[in-house]
Amino acid sequence: MPAFAWFLARPWTQGGTWPAAPTVTSPSSVAANAQLTASGCPASGCTWAVTSGGVPGLTLSSSGFLSDTGPASTQSVVITVAAMNTYQVSAEISITVKLG
């Protein structure tokens, strides 16, 4: 039984701590070309991704710059953001953004 106790007591993360989830500060309706923002991102920044509702010509950089080169759209898309440090990723936060 002592070996099992060692497994329970062992820290399973390798260095550092889990970063806190960021807080999105961008509005829920943005222009087709906009910088999305979040507070609580570490020095290395947050990572952004479109997770639902992709629009032809819509791109999102990992730094949160939303660019739409396709036809004008007022569609809504779901975007997630997560804070990262050297070892871990925070919980993802999803927002719905209506292009306009």
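Read along the sequence, this chain follows the pattern α-β-β-β-β-β-β-β-β-β. That is one helix and nine strands, where helices (H or I, at least four residues) and strands (E, at least two) are DSSP runs, numbered from the N terminus. The model is predicted, so local features need pLDDT of at least 70 and side-chain atom pairs count only at pLDDT 80 or more, while totals for chains, interfaces and linings use all residues. Residues are numbered from 1 along each chain as its sequence is written, and side-chain values use heavy atoms, with hydrogens and water left out.

Three strands form an open sheet in the order S3-S7-S6, with antiparallel pairing; two strands pair if DSSP finds at least two bridges between them. S3 (34-35) and S6 (58-60) are at the edges with a single partner strand each, so one side of each has no neighbour in the sheet. S6 pairs with S7 (residues 65-68) over three bridges. Leu58 has Asp68 in S7 as its bridge partner.

Next, a loop residue. Ser90 sits between strand S8 (76-83) and strand S9 (93-99). Is Ser90 buried or exposed? Ser90 counts as buried because its relative accessibility is 8%; buried means under 20% relative accessible area, exposed over 50%, partly exposed in between (1.4 Å probe, protein chains only). Leaving aside residues up to four places away in sequence, Ser90 touches Pro19, Ala20, Ala21, Pro22, Ala82 and Ala83. Contact means heavy atoms within 4.5 Å.

Last, the whole chain. Of its 100 residues, 28% count as buried. Among contacts between residues at least 6 apart in sequence, 55% join residues at least 24 apart.
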